[in-house]
Amino acid sequence: MEPGGLEWLLVPMQQLVSWGAAGAMVFGGVVPYIPQYRDIRRTQNAEGFSTYVCLVLLVANILRILFWFGRRFESSLLWQSIIMIITMLLMLKLCTEIRVSNELNVKRRSFADFDLNYFWHWSKFTDYMQCVLTFTVVTGYITYLWLDSSLFVETLGFLAVFTEAMLGIPQLYCNYQNRSTEGMSIKMVLMWTSGDTFKTVYFILNQAPFQFSICGLLQVFVDIAILLQVYLYSHYPQKPVSHTAHPASTKAL
């Protein structure tokens, strides 16, 4: 059979692979949080999961969407950000409801208090929404004013992917403080690692802005560090790090 005779089969196959890769990029990022979400609902305990992971991803994906207005990239990455923001808000809602229900005789805190000691440790989900909306409006207005500056746009793109690269740091620190990975879904971290590896390769092959590839590699390294914590704390149990903090701050992490 002549090589040209296979074109009718290869072209749709390539298109299917392309669609599959794009679909994996859009929805693959939220898959790791499904087992963590189910574990939190099942145990009614959110202490093992750092809600600062949600903060990092919300900031990163809001900045990425704003970056899109200055420098258009693949629509699959844009939709990935939108889906991730929705997912993180759902995670925050669950964690907040469970944490508040488990805290008795604790003074309620709100975003309107403007108390940095209780930042990202408020008593209602609506307070988190107010914070996210405030950040979106302020950064959106600044982006609108500086959208014609290529330096600003490139810096915005770097901040977006660099912030996302810091995704695992809050969980890494939370595990270090607890000297344990109990309450953290290992499936979530394994999916982080595989997903970040796939994502980084996808960025490189599709010639995405260089900021995406560099920070993708950084994410993979952080994921590996958390997996090392799983091994270390399971084989060599240690006492939690003693640190002074108000009662609520420990649960915030």
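Visitor: In which helix is Glu 164 found, and which residues is Glu 164 in contact with, leaving aside its neighbours within four places in sequence?

Guide: Before the close look, please keep in mind that this is a predicted model, in which local features need pLDDT of at least 70 and side-chain atom pairs count only at pLDDT 80 or more, while totals for chains, interfaces and linings use all residues. Residues are numbered from 1 along each chain as its sequence is written, and side-chain values use heavy atoms, with hydrogens and water left out.

The chain has ten helices and zero strands, where helices (H or I, at least four residues) and strands (E, at least two) are DSSP runs numbered from the N terminus. Buried residues make up 44% of its 253 residues; here buried means under 20% relative accessible area, exposed over 50% and partly exposed in between, with a 1.4 Å probe and protein chains only.

Glu 164 is found in helix 6, and with a relative accessible area of 7% it counts as buried. Leaving aside its neighbours within four places in sequence, Glu 164 is in contact (heavy atoms within 4.5 Å) with Val 56, Leu 57, Ala 60, Arg 64, Lys 199 and Gln 219.

Helix 3 (52-70) and helix 6 (residues 150-165) pack at an angle of about 155 degrees, with their axes 8 Å apart; the axes are lines fitted to C-alpha atoms, for helices over the stretch in contact, and the angles run from 0 to 180 degrees between N-to-C directions. The two helices are therefore roughly antiparallel to each other, since angles over 145 degrees count as roughly antiparallel, under 35 as roughly parallel, 65 to 115 as roughly perpendicular and the rest as oblique. Their crossing is left-handed, a word used if the near helix is turned anticlockwise from the far one by less than a right angle, with right-handed used if clockwise. By class, the contact of helix 3 with helix 6 has eleven nonpolar, three polar and two charged residues; Ala, Val, Leu, Ile, Met, Phe, Trp, Tyr, Cys and Pro count as nonpolar, Asp, Glu, Lys and Arg as charged, and the others, Gly among them, as polar.

Helix 8 passes helix 9 in a left-handed crossing. The residues making this contact include Thr 193 and Lys 199 of helix 8, together with Gln 219 and Asp 223 of helix 9, and the residues of the contact divide into twelve nonpolar, six polar and three charged.

Thr 193, which lies in helix 8, is buried with a relative accessible area of 14%. Not counting residues up to four places away in sequence, Thr 193 touches Asp 223 and Leu 227. The C-alpha atoms of Thr 193 and Ile 226 are separated by 9.7 Å, although these residues are 33 apart along the chain.
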